[in-house]
Structures are given as structure tokens and as C-alpha cells.
Amino acid sequence: TLQVVNHPGFGEREKGEYITVSGALVRISDKRISYEACPDCNKKVTQNSTGEYSCEKCMKEFAGCEHRYILSAQMEDSDGLAWISLFNDQATSVLGMNANEFQQLDEEQKKQALSEPLWVPRVVKLKSSWNTDNSGERRLKHVMMQAWPTDFAKDCGDMVQLIAKYD
């Protein structure tokens, strides 16, 4: 459960900790939904005065760019609440459209797209690790690695089998 992320020492392993929780997204922040990325390497690009996009990593200029998701959402389960990050693949899966498609929506459609995945039961695999931000402050960060719909029939069958072992 999400309660485990508040235990002392959680996330201290060198490569982070993985947990699987069953819960729902209860809020998706509408701040910084996506960024403009290089079509070759997916790193952030900057738009120059001629309207072209420059990638410092590839040292190339492009007429256009790709949009890639970088969402923040609150997830809740039976024991807790945590802010999690969803990067491009996971956000595309949750929202049902890629970031380029999302950018084409009007403001009302964007609000609708961000509200549709809320309160939908799902199982989520999270990677939790401590990071230091630009100000030097350490904080525990949770990143969605995978998400899939809750299979209530399978979960009930598993519980019946566990209960049967106690007979």
C-alpha cells in the first residue's frame, strides 16, 4: 500500500524500491503536462528566433518537435495518498492519447481528457527513490513504471483460493 512509502528508510536503496499498489488516480495536475522534445533523442529542445527547434544533445535543428508527457498525479489507495510522476509511455496509456494529440485539443477537451482517468481502479507498479532537487533539498520521488486495470474476478478467485487453504 502507499502507506509503506512513509516508513523510515524507504527508497534508500541505490537503485530505488519497487512497489505494486492497487488504487486510483484522484488528481492530475494541469501544470507542465508536456515538453517540446527532439524527434531523434527525446531531449528537451529550444525554439530559436527563426522558429526552428534546436537540440543541444544532437546538435541539430528541426522545423518541428515532438511533445512528450511529464505528468504529476495524486494516487490514492486504501491506506494513503502520494504524488507520482508519469512519463510519456505511461501517461499515453493512462490518457489514451499521445502528447501531440493532447496538444491539439481545446481547453475544455484537455480538462475532460485529464478528468477521464480519475477514480478508475488500477494496479500500478511504482519506482520510489530519493532525489536531490536544484535547491539541494532531498525528496522521495515516485514514478509510475506500469499500470493495468484491476481484474476484480481474478482477485476474488485468488482470495477464494487463499481462504480455502484455511479449511
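This is a predicted model: local features need pLDDT of at least 70, side-chain atom pairs count only at pLDDT 80 or more; totals for chains, interfaces and linings use all residues.

User: Why is Lys-60 called partly exposed, and what makes Asp-40 partly exposed?

Analyst: The label covers values between the limit for buried, under 20%, and the limit for exposed, over 50%. Lys-60 has a relative accessible area of 42%, so Lys-60 is partly exposed. Asp-40 has a relative accessible area of 46%, and therefore Asp-40 is partly exposed as well.

User: What makes Lys-154 and Asp-158 a salt bridge?

Analyst: The closest N and O atoms of Lys-154 and Asp-158 are 2.9 Å apart, and the cut-off is 4 Å between a side-chain nitrogen of Lys or Arg and a carboxyl oxygen of Asp or Glu, so the pair qualifies. Both residues lie in helix H4 (residues 152-164), 4 residues apart, which is about one turn of the helix. Lys-154, at 47% relative accessibility, counts as partly exposed, and so does Asp-158 at 32%.

User: How do you know that Lys-31 and Asp-30 form a salt bridge?

Analyst: The N to O distance between the side chains of Lys-31 and Asp-30 is 3.8 Å, and this value is within 4 Å, so the pair is counted as a salt bridge. Lys-31 and Asp-30 are both exposed. In the whole structure, the search finds 4 salt bridges.

User: Which residues have the most contacts inside the largest nonpolar core, and what makes such a set a core?

Analyst: A core is a set of buried residues of nonpolar kinds joined through side-chain atoms within 4.5 Å. The largest one has 27 residues, and those with the most contacts inside it are Tyr-69, Leu-71, Ile-84, Leu-86 and Leu-126. Elements supplying at least two residues each include strand E1 (17-28), helix H1 (88-95) and strand E8 (122-132). Leaving aside neighbours within four places in sequence, Leu-86 is in contact with residues including Tyr-69, Leu-71, Val-94 and Met-144.

Notes:
Residues are numbered from 1 along each chain as its sequence is written. Side-chain values use heavy atoms; hydrogens and water are left out. Buried means under 20% relative accessible area, exposed over 50%, partly exposed in between (1.4 Å probe, protein chains only). Contact means heavy atoms within 4.5 Å.
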